[in-house]
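Please read the following briefing alongside the sequence and the model.

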Number of protein chains: 2
Amino acid sequence: MINKRLIIHILGFLLMVEAGFMLLSFLISLLYREGDQWAILVSAIITAAVGIITFFLTRKFKQKMGKRDGYVVVSLVWVVFSFFGTLPYLLSGAIPGLTNAFFETMSGFTTTGSSILNDIEALPHGILFWRSITQWMGGMGIIVLSLAILPVLGIGGMQLYAAEVPGPVPDKLRPRIKETAKRLWGIYIIFTLAEALLLIFGGMKPFDAVCHSFTTMATGGYSTKQASIAYWSSPYIQYVIILFMIIAGTNFSLSYYAMHRQFRKVWKNEEFRWYIGFILLFSIVVMVFLMIIHGQRFEVSLRNGLFQVVSVMTTTGYVTSDYLSWEPFLAIILFGLMFFGGSAGSTGGSVKIMRIVLLLKNSYYELKRLIHPNAVIPVRYNGHNVSPRILSNVLAFAVFYILIFSIGVILISVTEPSVDSAFGAVATTLGNVGPGLGSVGPMGNFYHISGFGKWFLSFLMMLGRLELFTVLILFSPTFWKK
Amino acid sequence: MINKRLIIHILGFLLMVEAGFMLLSFLISLLYREGDQWAILVSAIITAAVGIITFFLTRKFKQKMGKRDGYVVVSLVWVVFSFFGTLPYLLSGAIPGLTNAFFETMSGFTTTGSSILNDIEALPHGILFWRSITQWMGGMGIIVLSLAILPVLGIGGMQLYAAEVPGPVPDKLRPRIKETAKRLWGIYIIFTLAEALLLIFGGMKPFDAVCHSFTTMATGGYSTKQASIAYWSSPYIQYVIILFMIIAGTNFSLSYYAMHRQFRKVWKNEEFRWYIGFILLFSIVVMVFLMIIHGQRFEVSLRNGLFQVVSVMTTTGYVTSDYLSWEPFLAIILFGLMFFGGSAGSTGGSVKIMRIVLLLKNSYYELKRLIHPNAVIPVRYNGHNVSPRILSNVLAFAVFYILIFSIGVILISVTEPSVDSAFGAVATTLGNVGPGLGSVGPMGNFYHISGFGKWFLSFLMMLGRLELFTVLILFSPTFWKK
């Protein structure tokens with residue numbers, strides 16, 4: 001059976017953490033005094049109260065935490081956080097209506113970045129800070145989830161690099177989470193600070209710099225400006241953001257090694273090399289097209305190409321230009337990149353480079369297997385043979401991804417009049433990217449989507465963010481048996 | 001090394017067969033005397049001459065035929081047939097230009113049904129007959145390929161039902177091909193005759209009835225009318241065609257059993273049950289929508305739903321109404337069905353029901369595996385455990401399919417201005433369906449596609465028709481080693 005008391009105990013503890021971040025936003029709102037202070041403070045008090053009460057009421061729990069409990073906690077955290085996270089929006093009146101507020105909060109915690117806001121600059125600073133920091137918190141959650149929890153739960157080939165992660169061996173959950181959090185959150189915070197300083201140095205206001213650092217490192221993509229990064233014309237600022245998007249899309253344990261000067265380990269990592277390779281390949285294609293067809297200068301086309309490719313591929317979702325107005329050829333490439341995602345163990349979402357490489361390699365190896373039917377030819381990855389068990393899991397992930405995408409598009413198209421928007425909305429929420437195609441493209445937003453659509457897309461964000469299985473398994477009859 | 005003499009010998013033999021079918025078309029053209037007689041006769045003579053010469057020049061060959069030779073022969077047959085098959089079009093002037101003629105012929109032999117013709121009714125009857133019979137020949141080739149050759153070559157899980165196929169055990173190629181051809185072509189011919197008679201009974205002219213029987217049984221979809229099946233308003237004719245499309249999309253060895261009154265074997269077949277299930281599910285969805293939104297009568301919506309779902313799912317590609325003018329919801333469902341395809345061992349193309357079922361089952365089983373990580377839980381199919389070997393091949397197939405589709409869309413979009421048409425053109429040619437979306441939709445055709453586009457799409461038709469691997473393996477360096 002599920003260890004209910006323990007699960008509620010953990011959720012209570014985490015709600016106190018969420019309340020802490022609300023208090024931080026309250027401090028920011030005090031600096032600007034734009035009328036949102038009390039709303040945020042009350043939100044923090046409610047959240048903290050519920051957290052403290054549930055935490056202490058469930059103090060006496062059985063120590064043993066099973067895998068099933070893990071699945072339930074992880075899925076519930078995102079839902080519970082998103083519900084309480086709506087309080088600042090609702091109480092301040094910044095976003096009226098639970099549906100819109102929940103969509104915006106889930107989009108934050110899942111580091112998606114899809115928004116229902118029509119006028120971001122009209123919001124008070126405290127609320128904008130809260131909006132940005134939901135993504136930063138989501139990023140912290142994802143680092144622990146993907147580097148400490150999922151490998152133990154055996155999801156989606158995450159075991160493949162589990163052995164590579166610094167920290168205790170992956171079978172005890174608690175010490176592992178603690179160690180991972182300590183080591184990798186340190187790096188996460190350092191990078192965030194570094195980016196903020198570099199952006200301030202480039203002329204960005206400190207408030208905007210901090211908010212954008214939060215949402216870059218989380219590959220979230222929420223901006224404090226309606227025009228997103230296009231608001232700043234400075235090439236320097238764009239290059240800084242490109243750099244940190246690339247870092248945020250890299251496995252954080254590789255950053256750990258890099259910080260300890262073990263650069264060989266970084267460069268020898270197969271996923272990292274494919275990741276950089278894909279970025280270069282697609283950026284160059286886009287760049288060449290922008291130079292030839294749009295007559296852009298070398299530097300401009302390089303920057304535009306890099307920015308859009310990195311932003312979509314890492315599932316950040318910042319925008320510097322309306323790439324939907326580019327040729328269909330380029331729009332299709334950027335749409336395709338929504339299915340790539342960052343590296344495993346990064347804050348990037350979607351399918352992820354590791355899985356794509358494994359799928360491509362297996363297909364290529366299959367040709368060899370057909371020619372030599374009696375030879376055993378396993379897929380090699382990072383110098384090791386990949387077990388059929390892991391491949392079958394990656395296969396299952398890919399099929400679920402396509403299945404959920406297809407069903408999603410069909411369901412959304414019932415109320416969404418345009419085929420483009422339906423495809424874009426589902427791809428971008430499931431992949432935690434941010435902007436989609438058509439009316440939900442880089443120049444649009446999700447405000448006009450139907451109520452059902454918003455709840456459904458919020459569910460897709462969570463599904464995608466939690467590597468599908470974590471949530472899907474809860475719907476499996478076997479899970480609740482015995 | 002490749003057994004070149006044997007390969008050329010086989011091709012020579014098959015060219016004589018092609019010439020035979022040209023002669024048949026010549027006889028038809030004699031009945032109508034519309035100026036195409038001599039063009040078709042000369043085509044037959046050229047084809048026969050090349051066939052006879054190469055056949056006899058390579059009489060002395062080594063008996064041993066390896067798997068590699070199998071791959072080369074199968075791929076070459078479709079190319080060689082398509083080149084010689086252009087002769088009637090070119091010599092009669094019905095289709096000027098090699099590019100257009102080759103596209104139309106490859107679309108015929110691969111039973112795709114995509115056309116570059118703007119005015120089908122303007123063509124002489126001999127040419128129309130040749131156009132229809134290329135699909136029928138293609139269907140014959142596919143039956144032998146998928147039920148006798150591919151299982152031996154080990155492609156795409158085709159082994160899964162190999163044991164089920166009537167005939168000698170699948171390791172000697174020659175006797176197996178002979179047996180399969182004898183038993184299953186008999187059924188193919190019987191069904192073709194039956195459909196033709198039923199269509200004539202319903203008031204269709206004998207010539208049109210025979211041509212449509214050819215292209216139904218091949219799931220090809222070439223019509224003798226520009227408006228396709230919409231030309232005939234008779235519900236009876238549409239129901240007859242629906243029935244035979246369903247039969248053509250069924251594994252022909254199941255039809256063999258049905259003819260021998262072993263109905264239990266048919267109904268116990270898992271793929272067949274899913275196939276019927278998918279048809280019913282999607283037809284009902286479309287039907288309900290047509291009734292509610294379009295206010296169609298019950299019988300009309302049932303017929304429209306069934307016809308379009310069956311036509312696209314079996315990759316036939318006949319049209320009775322412009323389904324692109326329906327809601328995005330329905331257009332998206334029909335687009336998705338382009339990736340289903342008929343049963344394995346039928347004349348239908350695309351991914352095929354068997355593979356889709358295996359992929360879905362593996363994903364569902366993966367949830368169980370995550371919950372019980374120490375249990376070995378293989379996928380069950382038709383009452384047997386599926387080996388990891390076969391699953392990995394099906395996985396590789398699916399990944400190649402998606403990869404080729406994606407690269408195809410990107411390449412076609414360079415010259416094709418609309419995103420819809422690019423997606424539709426690639427999905428429909430790779431899946432051997434026929435009509436696509438946008439400008440290549442059910443009311444359009446492929447005439448306006450660029451020269452490069454037509455050759456590339458022809459290549460995709462062949463790739464899809466030959467289950468990808470048969471062609472891809474020729475591009476693998478390992479294939480040509482040693």
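For its 482 residues, a compact globule would have a radius of gyration near 23 Å, and chain A, at 22 Å, agrees with that expectation; the radius is taken over C-alpha atoms, and the globule rule is 2.2 Å times the number of residues to the power 0.38. This is a predicted model, in which local features need pLDDT of at least 70 and side-chain atom pairs count only at pLDDT 80 or more, while totals for chains, interfaces and linings use all residues. Residues are numbered from 1 along each chain as its sequence is written, chains are lettered from A in the order in which they are written, and side-chain values use heavy atoms, leaving out hydrogens and water.

**Fold of chain A**
- The secondary structure of chain A comprises 20 helices and 2 strands, taken as DSSP runs (H or I of at least four residues for helices, E of at least two for strands) and numbered from the N terminus.
- Along the principal axes, the C-alpha atoms of chain A fill a box of roughly 70 × 65 × 50 Å.

**Relation of the two copies**

**Interface of chain A and chain B**
- 52 residues of chain A are in contact with 52 residues of chain B, contact meaning heavy atoms within 4.5 Å.
- The buried area is about 4,400 Å², of which carbon and sulfur atoms give 73%; this is the accessible area (1.4 Å probe) lost on putting the two parts together, summed over both.
- Across this interface the rule finds 0 salt bridges, where a salt bridge is a side-chain nitrogen of Lys or Arg within 4 Å of a carboxyl oxygen of Asp or Glu.
- The largest share of the side of chain A that touches chain B, 14 residues, comes from α16(A).

**Charged pairs**
- Over all chains, the count comes to 14 salt bridges.
- One of them joins D208(A) and K225(A), whose closest N and O atoms are 3.9 Å apart.
- This pair links distant parts of the chain, 17 residues apart, with D208(A) in helix α8 (residues 206-217) and K225(A) in the loop between α8 and α9 (235-248) of chain A.
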